[in-house]
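Trainee: I'd like to go through this one with you, starting from the surface.

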Amino acid sequence: MKSYRRKASDRLGDKLNDQLKKDLRANMSEAELFSFAPFDAGRAERGGYSNYSYWQATFRAFFKNKAAVFFLCLMAATLLFTFVQPYLPGQKDPLFIHNNDYGLPLNNIPPGQMGFLLGTNSIGQDLWSRIWAGTRTSLFIGFTVAVVEAAVGILVGVLWGYVRKLDFFFTELYNILDNIPQTLLLLLISYVMKPGVSTIIFALSLTGWLGMARFIRNQIIIIRDRDYNLASRCLGATTAQIMFKNLLPYLVSVITMRMALAIPGAIGSEVFVTYIGIGLPVSIPSLGNLIQTGRQVMQAPVLRYQLIFPVLILAVITISFYIIGNSFADAADPKNHVN
């Protein structure tokens with residue numbers, strides 16, 4: 001019964017459509033029913049044009065994040081002032097020991113007194129100059145370690161994930177180096193080599209690339225056998241071309257994030273090894289030395305400024321790089337480029 005009613009309604013609908021078409025043709029001429037659209041070559045070319053740019057879309061998405069922009073400006077101002085500070089008028093030598101008229105050191109002068117903006121340390125050195133000199137040293141260590149970690153980690157990670165014949169070699173190398181505690185390695189290198197900036201950089205770079213290499217390797221394995229890589233291989237593309245043109249651009253966001261986090265990580269490691277007494281010598285100002293010195297006098301409330309000021313600088317650098325790195329990684333994801 002239901003099927004009969006449905007067929008009847010369908011027949012009625014067809015009859016109504018036919019009647020409407022006949023009435024329409026009767027009231028309109030043939031010229032009005034059909035006409036050729038003019039061809040415009042300019043419009044045809046514009047139809048296939050797209051003004052999309054990956055980097056423009058990335059920076060556009062990044063600058064929409066107000067928190068990331070704030071910390072980027074804060075980090076840029078900190079970096080700029082760090083390297084400009086020695087050339088400003090009235091700046092003191094960070095290694096010079098200031099004495100009074102009787103030849104005694106002006107030690108532990110509170111901030112803002114006797115011309116010392118942030119006071120002096122326990123031997124009479126200007127804390128303001130030492131903080132910015134130590135920030136320059138720690139940033140140099142952080143950036144250098146991050147560049148080495150990125151260069152070695154990306155190269156090893158891509159080869160490890162794409163060239164299957166090298167998988168066993170890099171897997172065993174990773175297992176050997178990863179099972180060596182980094183703290184123990186830092187201790188051994190610091191005792192064997194002369195303490196200095198180059199020793200810290202070498203010790204942190206020796207195994208710092210392992211995390212980056214394994215992360216890149218896992219990402220490469222996921223995208224290695226996708227259709228566009230197989231097509232490139234069939235068309236005669238070399239291994240290097242596939243790695244640098246097909247694989248690495250896909251990993252821009254994660255590589256950027258890992259590099260941004262490697263900088264505060266290296267600075268934190270420098271602070272740690274100096275904290276346990278095997279880092280840079282006292283003659284080389286660094287955030288690690290300043291925090292170690294401040295830790296020794298933190299029990300006295302009037303001297304806690306020697307610990308608070310370098311810790312604040314370290315916190316600004318660490319938090320800024322963390323937020324900037326994560327925000328840029330999100331902005332570099334093409335999924336966030338849709339307007």
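Trainee: Which helix gives the most to the nonpolar patch?
Mentor: That is helix α4, residues 54-63, which contributes three residues to the patch, where a helix is a DSSP run of H or I with at least four residues, numbered from the N terminus. Keep in mind that this is a predicted model, in which local features need pLDDT of at least 70 and side-chain atom pairs count only at pLDDT 80 or more, while totals for chains, interfaces and linings use all residues. Residues are numbered from 1 along each chain as its sequence is written, and side-chain values use heavy atoms, leaving out hydrogens and water.

Trainee: And which residues form the patch?
Mentor: Trp55, Phe59, Phe63 and Leu72 form it on the surface, together exposing about 390 Å² of accessible area (Shrake-Rupley, 1.4 Å probe), and Trp55 lies in helix α4. Patch members have over 30% relative accessible area and no salt bridge, with nonpolar side chains joined within 5 Å.

Trainee: Switching to charges, how many salt bridges turn up?
Mentor: A search of the whole structure gives one, counting a Lys or Arg side-chain nitrogen within 4 Å of an Asp or Glu carboxyl oxygen.

Trainee: Which side chains meet there?
Mentor: Those of Arg217 and Asp167, at 3.1 Å from N to O. Arg217 sits in helix α9 and Asp167 in helix α7 (residues 167-178), so the pair, 50 residues apart, links distant parts of the chain.

Key: Patches are made of residues with over 30% relative accessible area and no salt bridge: like charges are joined within 9 Å, nonpolar side chains (Val, Leu, Ile, Met, Phe, Trp, Tyr) within 5 Å. Helices (H or I, at least four residues) and strands (E, at least two) are DSSP runs, numbered from the N terminus.
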